[in-house]
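Welcome! Please take a look at the sequence and the 3D structure below, and then we will walk through some features together.

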Amino acid sequence: MKTNKILRLLLLFIMGIYLVACKQEEQAVQEKDSVVIAIGTEPETLDPTQGWGHGNSPIVQSTLVRYNSDLTFENDLATSYELSTDGLTWTFHLREDAKFTDGKRVTASDVVFTLETAKKAQGAVDLTYMESAVAKDDSTVIITLSQPTSIFLNTLASVGIVPKHAYSEEYGRNPIGSGPYKFVEWKSQEQIMFTANEDYYEGEPAIKNVTVVFMSEDAALAAVLAGEVDVAYSSATLGNTKAEGYRVERIASADNRGFTLPMLPEEGKTTESGAPIGNNVTCHREIRQAIAYAIDRQLIADTVLNGFGRPAYSENDGMPWNNPEVKIETDLEYAKKLLLDGGWLDSDQDGIVEKDGITAEFKCVYPAGDSVRQAIGMAVSEQLKKIGIKLTIEGMSWDEIMKVMFSEAVLMGWGSAIPNETYYLYRSEGALLDDFYNPEGYQNLKTDKYLRAAMEALTVEEANENWKKVQWDNNTGTSMKGECPWVWVVNLDHVTYVRDGLSIGEQPIHGHGHGLPLIQNLKDWKWQ
Amino acid sequence: MKMTGRKLIDIFIRNSIKMLSLLLAVSFLSFLLVSLSPIDPVGQYILGLQTAVSPEQRAEIEEYWGVNEPPVERYFHWLTEVLQGELGESVIYRRPVAEIIGERFINSLALMLCAWLISGIFGFILGIVMGRYYDRWPDKILKKICYILSSMPTFWIGLLLLLIFGVWLKWFPIGFSSPIGVLSRDVSLGEKIYHLILPAFTLSLMSFSGIALHTREKLWDVMNSDYVLFARTRGEDEWTILKRHGIRNVILPALTLQFSSFAELFGGSVIAENVFSYPGLGSAVSAAGLQSDLSLLLGITLFSALFVCTGNMIANLLYRIVDPGIREVKE
């Protein structure tokens, strides 16, 4: 009798909990002005001066200029801007109707404060070239640079303006800004909630409540199947799962995968930190190019990535500063001819070519645990057998990779919405540093000249012209047609589950990242 | 009784000294391991920024972090800070480590306590049932279930439960400690418990079969002892024998086993919390490990050592209270 009573109470209790939960679910279905988005990585901070929104829009804050969906610039907080003829002085005029969500106006002094804070923070925002920022009046900012810098607008498009009067150490966990959304609450490792800013100067966004939850890709898929989220960042390996009531969007990205090939011969030299430099196989250009031409990129995109990828030919395919000339066709015969002309022959009939006693085999390392990179490496290794090059694939931790990356091939990934990535990847001073950018040891005076010209260009057009010449100037360059320090393989599509009826706007080409690029155009999303 | 009270305090002090020295050893060992590991915190930090960092900027970050000081100096520097209650700042969350641990520990404690109680109570009850019907059909079925459960990895059971109850039946949420899109202050206790059920159940399944099988064997031994035979000949019915002799004799070993499972529980919570995206210490420690957040990793290591030690100390003190046998023999 007693046990019965307890049992009954327990049952009642469970049912009670269940009813409460169900009620909530029903409410969520009724109002169609909120979305729940599952992404992979939690931001570290919501403070733009510390790196929040870098390469994407910061949502909570607004920027002086911003990217269009085709990655050109349009005005945001700025109504217009001028650049002096020497390329050193920028003058920005601000709109007067922009307010922070605490009601105070966004003034020139806030812009100055933001830029100075970001420069001091030494974080993700590189403003080392900024000499000074001065507020001339409430709506005019004059910024002086130490050298002409073409990526300055890109940087400004990443730095959300923070309020000088409401900025403190805690700002990154509890920000206010003048962007389309207001910050509501952040539960660490769970979710961040935003609500629409009804005073936003371009009108209140259609989606009123936004919850961003942080889940691994497997958990996010489970959440989609259970119908708990509206949008979920997923991956190529999971994207083939059918979920009722959802569609899968493939968003093109410059989130690329490719590998570096050491360009220097092995001469017993080491880097400052003691890692060996050079590889006697990959230091030959014909080997590097033969690899580039032998790879069937479309096949890898179709098989390894389940079709959720596209062939990659450079670090920035599809960006306005990409040179379309970098594209090459898979050509096994040409690859074989390159090897033959270079004197590589399979004289001992073991399927691998040799030259001067050196066998064409080397190692390619990838970060252990990254199954996509592993699979790409295996597929490439299989394809290279056809031209007599033996590639061994090995997984390592990033810290171990740092010790072998100057003498072995490494499967890496880049892709940025700011063109200065190209500058870091190929500049001569950057060669053989511990920072993953140029472990292959690429050094070329002609490239350096174009890079400098691109960085110091006065207009975006002039800069893009030079960025393109870095890759291929009809004679040489960093592309696979040229010196070929990298062999690019695929660009990953950003596979995203979206609930039927929700439009996620026109997504610009995404950079490298685990879901955050997705929400940069949140203000254009709507339920239909 | 007064004597016992003083003894308890005595034991408490002796245990505390043991615990402190152990913590010191743990701090030294974990710091040593972290220093010897190839983890490069600066490299990881820059990797996390996902953006171009010039070598000049990198050198400044290294200088600021003091990575070039000798390890011994760094250890004592860290230790003095820790002793002052300053555990440093987490790189991945950009918040003080102590604050993160405090926040996460409440979630983890709720989870582990529930799992601990579920596995203890149900394990014990099932063990009694199996022992009572030793080698008969209820025992045979339950024993097989226990064997299957103890040979299945926790993460797999977790995924299975998630698929069945979260995705297919939609009875329980698929993760987190509170409903999606609801402000902290609006989350009710009921909702929190509702989110706790599935991960707690998964975690309890880990140590559950151990208790059950152990209790089963113990009870079988007791039921075949001379004093039970004597009780039987005296005409006591089976239920009374179980109550008077069986349960009393098997409860202490079960308690011992259950209290010694604290460390295991902590280990299991790492897996359960990851499967259910549950924001506790377990998921924080795996995030810290994977993203080389050294201050958070060391902080949680120290804290979990403290937690497990405390659990064992409580067990030691409890024996003396629960079992008059141990108390009197010692005296």
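## Ground rules

The domain bounds used here come from an automatic or database domain assignment. Residues are numbered from 1 along each chain as its sequence is written, while chains are lettered from A and ligands numbered from 1 in the order in which they are written. This is a predicted model, in which local features need pLDDT of at least 70, side-chain atom pairs count only at pLDDT 80 or more, and totals for chains, interfaces and linings use all residues.

## Domains of chain B

Chain B is assigned domain 1 (1–92 + 292–331) and domain 2 (98–290). The C-alpha centres of these two domains of chain B lie 28 Å apart.

How many residues of domain 1 of chain B are in contact with domain 2 of chain B? There are 18, and they meet 15 residues of domain 2; contact means that the C-beta atoms, placed from the backbone, lie within 7 Å. On the domain 1 side of chain B, the touching residues divide into 10 nonpolar, 6 polar and 2 charged. Here Ala, Val, Leu, Ile, Met, Phe, Trp, Tyr, Cys and Pro count as nonpolar, Asp, Glu, Lys and Arg as charged, and the others, Gly among them, as polar.

## Domains of chain A

In chain A, the assignment gives domain 1 (48–253 + 493–527) and domain 2 (256–492). Their C-alpha centres lie 32 Å apart.

Across this boundary in chain A, 25 residues of domain 1 are in contact with 27 residues of domain 2. The domain 1 side has 9 nonpolar, 14 polar and 2 charged residues.

## A hairpin in chain A

Let us look at two strands. Helices (H or I, at least four residues) and strands (E, at least two) are DSSP runs, numbered from the N terminus, and two strands pair if DSSP finds at least two bridges between them. Strand S8 (residues 181–187) of chain A runs antiparallel to strand S9 (residues 191–196) of chain A, joined by 6 bridges. Trp186(A) stands opposite Ile192(A) in S9(A).

S8(A) and S9(A) form a hairpin with 3 residues between them. In the turn, Gln189(A) has a positive phi of about 60°.

## Loop residues in chain A

Leu71(A) has a positive phi of about 65° although it is not a glycine. Leu71(A) sits in the loop between strand S2 (65–67) and strand S3 (73–75) of chain A. Is Leu432(A) buried or exposed? Leu432(A) is buried because 22 other C-beta atoms lie within 10 Å, whereas Leu71(A), with 18, is partly exposed. The cut-offs, with C-beta atoms placed from the backbone, are 20 or more others within 10 Å for buried, 12 or fewer for exposed, and partly exposed in between. Leu432(A) lies in the loop between helix H10 (420–426) and helix H11 (445–455) of chain A, and its phi is near 60°.

Asn323(A) is in the loop between strand S14 (309–311) and helix H7 (332–341) of chain A. Asn323(A) counts as buried, with 23 C-beta neighbours inside 10 Å. Although Asn323(A) and Lys469(A) are 146 residues apart along the chain, their C-alpha atoms are separated by 7.6 Å. Not counting residues up to four places away in sequence, Asn323(A) touches Lys468(A), Gln471(A) and Trp472(A).

## The nonpolar core

A nonpolar core is a set of buried Ala, Val, Leu, Ile, Met, Phe, Trp, Tyr and Cys residues joined through C-beta atoms within 7 Å. The largest one has 215 residues, and Val487(A) is one of those with the most contacts inside it. Helix H8 (residues 189–223) of chain B gives the largest share of this core, 13 residues.

Leaving aside neighbours within four places in sequence, Val487(A) is in contact with residues including Gly258(A), Phe259(A), Leu261(A) and Met480(A).

Note on methods
Two residues are in contact if their C-beta atoms, placed from the backbone, lie within 7 Å.
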